[in-house]
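Here is a look around a protein model for someone meeting it for the first time. Have the sequence and the 3D view open as you read.

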Amino acid sequence: MSTEENVKLVKNFFAAMGSSNARDLLALAAEDIEWIIPGEGWPLAGTHRGHAELAAVLKKASEEVETQYPKPPEFVAQGDRVMVVGVATGKIKATNRPFKDEWVFDITIRDGKVAHIQEYIDTQALARASEVDASGLP
């Protein structure tokens, strides 16, 4: 695929995530997709592999995190890699605490599908927003 086709694929992947359309999203992802979300102490952290785990993490995100994107992300591509640079704001629903996250997704395309995603995010901001105090209260 050309660089332009790879960017279009990633834009379609992000649109499917935003619309919570799991079927369209899975159609754009390799069967063995790997999505690495760094950090500890917040609901989405971990390595998620395959269609089932991809669907599960996106379901969990919709249930546990309220997110807005104040401006469209930037797409930078070379060969089979597309970097997506953006900002997210929102809150962790369980704590009602807000966050601001400046992020980069490093996405690799293989055979016309999204095959690998490595997120670079503000893990500290997300963990702080997820913290509860010793009494179990946010």
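Let's start with H48, which sits in strand β2, residues 46-49. Strands here are DSSP runs of E with at least two residues, helices are runs of H or I with at least four, and both are numbered from the N terminus. The model is a predicted one: local features need pLDDT of at least 70, side-chain atom pairs count only at pLDDT 80 or more, and totals for chains, interfaces and linings use all residues. Residues are numbered from 1 along each chain as its sequence is written, and side-chain values use heavy atoms, with hydrogens and water left out.

Is H48 buried or exposed? H48 is buried, because its relative accessible area is 15%, and buried means under 20% (exposed is over 50%, partly exposed in between, with a 1.4 Å probe and protein chains only). A polar atom of the H48 side chain lies 3.0 Å from the backbone oxygen of L44. Leaving out residues up to four places away in sequence, H48 touches I33, E34, W35, I37, E53 and V57; contact means heavy atoms within 4.5 Å.

Now for β5 (residues 81-92) and β6 (residues 97-110), which pair in the antiparallel sense over twelve bridges. To count as paired, two strands need at least two bridges found by DSSP. Their hairpin has four residues between the strands, and N96 there takes a positive phi near 60°.

On its other pairing, β6 joins β7 (residues 113-120), also antiparallel, over seven bridges. This hairpin has two residues between the strands, with D111 at a positive phi near 55°. You can follow I107 through both pairings: V82 stands opposite I107, and I107 stands opposite I117 in β7.

## The nonpolar core

Which residues have the most contacts inside the largest nonpolar core? They are F13, F14, V84, F105, I107, V114 and I117, in a core of 32 residues. Such a core is a set of buried Ala, Val, Leu, Ile, Met, Phe, Trp, Tyr and Cys residues joined through side-chain atoms within 4.5 Å. Elements that each supply at least two residues include α2 (22-28), β1 (29-37) and α3 (50-64), while α1 gives the most, with six residues.

V114 is in contact with L9, F13, L28, A29, A30, I33, I107, T108 and I109, leaving aside neighbours within four places in sequence. Over in helix α4 (residues 123-130), A125, L126, A127, A129 and S130 are buried, and their cover includes β5 and β6.

Note on methods. A polar contact is a pair of N or O atoms within 3.5 Å; within protein, one must be able to donate a hydrogen and the other to accept it, and residues adjacent in sequence count only if both atoms are side-chain atoms.
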